[in-house]
Amino acid sequence: MIWEMWQYLTTPTKFTEAKTMGYLKEAIAMAARAKRCQPQWNAHYEHCQQAILQAANRAVQKRKVLILGAGSLNDIPLTELCASFQQVILVDLVFLDSARKLALKYPNLSLVEHDVTESLEWLSSGRDMVQQPQAWLDDPQIDLVVSLNLVTQIPLIPVKWLMSDYGLNEEDADIVGKQLIVAHLNYLKQFSGEVCLIADRNSREFNVAGDVVDEFDPWWDIEPPRAQTTWDWEIIPLGEASNETWQKNTVGVSFL
Ligand SMILES: C[S@@+](CC[C@H](N)C(=O)[O-])C[C@H]1O[C@@H](n2cnc3c(N)ncnc32)[C@H](O)[C@@H]1O
């Protein structure tokens, strides 16, 4: 708890929304969960790294690679990407000290704090307006873009915020959630280089006997692009959040 508090107080954030809306708190909680669930999460990280390497192989030129939702950097093959691309640009709203320290090892790697929705300024002040993101679309040297375990996460904090702090009703909240996902997909499709989307496809909760007790669609009923490869990620093992249930997500890789 003290370590979590220390990280909260000492992590620099470019965007006020990172703190006010809860992104920093979420990043710290996720880092702690990653440590506790290491055996289950390592396999997922390895799958992500393999998928990114496969995407890198498909890129015909290797000038700049842009990774959106880089977070902890645990799911990124940093050494290989930095060896094959001239510039590696890792984007997230929040980077904890562990990611910042790791990044220092690679001279051609940069961490960029950026809001991939380009809408948080509006949303944080209660305006349910979703913009079409534009960043890096004018950079012809981006040869590979990876959206990394990000698209289904994008709506979660803004929608919760609008509902709790601005009384947005469920119907309008649902529209904002869908708009954020669609805007991200449209954004990715506008890049001229190779684009790889890594994202969860479904989420199931099981009881101790292994029966499905709940299932939800992380895509808010938006149809995701077809996945070429999938794997299961035991995201909440038994005992992590409850002694009665555990959760498994199926993660898929698409090339857009
Ligand atoms: C499920 S995590 C995946 C992160 C990373 N790939 C990992 O496993 O550590 C989703 C990431 O998306 C980031 N994120 C969510 N909304 C964002 C936004 N609007 N702009 C930039 N990053 C955002 C979060 O900060 C978080 O690091």
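Let me start with Leu 73, which lies in the loop between strand 1 (64–68) and helix 5 (78–84); helices here are DSSP runs of H or I with at least four residues, strands are runs of E with at least two, and both are numbered from the N terminus. Before I go on, please keep in mind that this is a predicted model, in which local features need pLDDT of at least 70 and side-chain atom pairs count only at pLDDT 80 or more, while totals for chains, interfaces and linings use all residues. Residues are numbered from 1 along each chain as its sequence is written, and side-chain values use heavy atoms, with hydrogens and water left out.

Is Leu 73 buried or exposed? Leu 73 counts as buried because its relative accessibility is 2%, where buried means under 20% relative accessible area, exposed means over 50%, and partly exposed is what falls in between, with a 1.4 Å probe and protein chains only. If we set aside residues up to four places away in sequence, Leu 73 touches Leu 78, Leu 90, Phe 95, Ala 99, Leu 102 and Leu 111, contact meaning heavy atoms within 4.5 Å. Between Leu 73 and Tyr 106, which are 33 residues apart along the chain, the C-alpha separation is 13 Å.

Gly 71 also has its place in the loop between strand 1 and helix 5, and, leaving aside neighbours within four places in sequence, Gly 71 is in contact with Asp 92, Val 94, Phe 95 and Ala 99.

Now to the ligand. Which residues come nearest to the ligand? There are 17 residues around it, and of these Gly 69, Ser 72, Asp 75, Asp 92 and Asp 115 come nearest; a residue counts as near when one of its heavy atoms lies within 4 Å. A nitrogen atom of the ligand lies 2.9 Å from a backbone N or O atom of Gly 69, while the side chain of Ser 72 has an N or O atom 2.6 Å from an oxygen atom of the ligand. For Val 116, a backbone N or O atom lies 2.9 Å from a nitrogen atom of the ligand.

Let me turn to the backbone. Most residues other than glycine have a negative phi, and most peptide bonds are trans. Glu 118, although not a glycine, has a positive phi of about 50°, and this residue lies in the loop between strand 3 (109–113) and helix 7. Glu 118 is partly exposed, with a relative accessible area of 24%. Asn 149 is not a glycine either and has a positive phi of about 50°; Asn 149 lies in the loop between strand 4 (142–148) and helix 8.

Helix 8 covers residues 156–166, and its buried residues include Ile 157, Pro 158, Val 159, Trp 161 and Leu 162. Those buried residues pack against helix 2 (16–20), helix 3, helix 7 (120–124) and helix 9 (170–189). After helix 8 comes Gly 167, with a positive phi near 65°.

Helix 9 holds Tyr 187, which counts as buried because its relative accessibility is 1%. Not counting residues up to four places away in sequence, Tyr 187 touches Leu 68, Gln 132, Pro 133, Gln 134, Ala 135, Trp 136 and Leu 137.

How do helix 3 and helix 4 pack? Helix 3 (residues 23–36) and helix 4 (residues 38–58) meet at an angle of about 105°, with their axes 6 Å apart. Helix 3 is therefore roughly perpendicular to helix 4, given that 65 to 115 degrees counts as roughly perpendicular, under 35 as roughly parallel, over 145 as roughly antiparallel and the rest as oblique. The axes are lines fitted to C-alpha atoms over the stretch in contact, and angles run from 0 to 180 degrees between N-to-C directions. Helix 3 contributes Met 30, Arg 33, Ala 34, Lys 35 and Arg 36 to the contact, and helix 4 contributes Gln 38, Pro 39, Trp 41 and Tyr 45.

I will finish with Val 208, in the loop between strand 5 (194–207) and strand 6 (212–216). Val 208 counts as exposed because its relative accessibility is 57%. Apart from its neighbours within four places in sequence, Val 208 is in contact with Leu 238, Asn 243 and Glu 244, and its C-alpha atom is 6.1 Å from that of Thr 245, 37 residues apart along the chain.

Key:
A polar contact is a pair of N or O atoms within 3.5 Å; within protein, one must be able to donate a hydrogen and the other to accept it, and residues adjacent in sequence count only if both atoms are side-chain atoms.
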